[in-house]
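Here are a few notes to go with the model. Keep the viewer open and follow along point by point.

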Amino acid sequence: MQYDWLSPPGNRKVFLMSLPEYIAKIGSTKIIPKGQLLFQAGQTCTGFYYIVTGSIRVFSMDINGKELEIARLTNDDFCGEAIAFTGKEFPVYAETAEKSTLIYFSKTNIQTALKQNLNLAVFFSGTFGQ
């Protein structure tokens with residue numbers, strides 16, 4: 001079944017299933033165990049994640065090391081995309097809350113792909129604008 005991946009991204013998973021070879025070129029699928037730190041506050045952002053299965057816990061930490069969960073991201077969510085193109089550092093921490101299958105999109109690969117395929121820019125701008 002072929003999908004119109006330019007339509008509004010109400011179901012991003014449909015988008016990812018409809019263009020596996022293209023996504024494979026710009027993203028890297030990883031299976032990450034529970035408790036793996038994906039990024040930490042103060043770290044320069046070099047990319048972002050799409051959650052295929054599993055979940056990611058986004059949290060902040062006070063000076064005493066006490067954690068405050070800000071969000072729990074699950075299937076079909078992106079993580080880190082808000083910082084990916086700003087050139088700034090992450091203001092929070094993110095770790096897998098369970099064994100998770102993630103697609104990692106490096107900032108460099110995404111920027112190159114966006115230059116080559118403006119339709120991809122339409123998809124991502126719609127997705128990140130939600």
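1. Helices (H or I, at least four residues) and strands (E, at least two) are DSSP runs, numbered from the N terminus. This is a predicted model, where local features need pLDDT of at least 70, side-chain atom pairs count only at pLDDT 80 or more, and totals for chains, interfaces and linings use all residues. Residues are numbered from 1 along each chain as its sequence is written, and side-chain values use heavy atoms, leaving out hydrogens and water.

2. Now the sheet. It is open, with 4 strands in the order β1-β8-β3-β6 and antiparallel pairing. β1 (27-32) and β6 (78-79) are at the edges with a single partner strand each, so one side of each has no neighbour in the sheet.

3. Look at β3 (residues 47-53) and β8 (residues 100-106): they run antiparallel and are joined by 6 bridges. I51, for instance, has L102 in β8 as its bridge partner.

4. Helix α4 (residues 107-116) packs on this sheet and touches β3 and β8 (contact means heavy atoms within 4.5 Å). Its direction makes about 65° with that of β8; axes are lines fitted to C-alpha atoms, for helices over the stretch in contact, and angles run from 0 to 180 degrees between N-to-C directions.

5. Finally, find S55 in the loop between β3 and β4 (56-61). S55 is buried too, at 3% relative accessible area. Beyond its neighbours within four places in sequence, S55 has contacts that include R72, T96 and S100.

Terms used. Two strands pair if DSSP finds at least two bridges between them. Buried means under 20% relative accessible area, exposed over 50%, partly exposed in between (1.4 Å probe, protein chains only).
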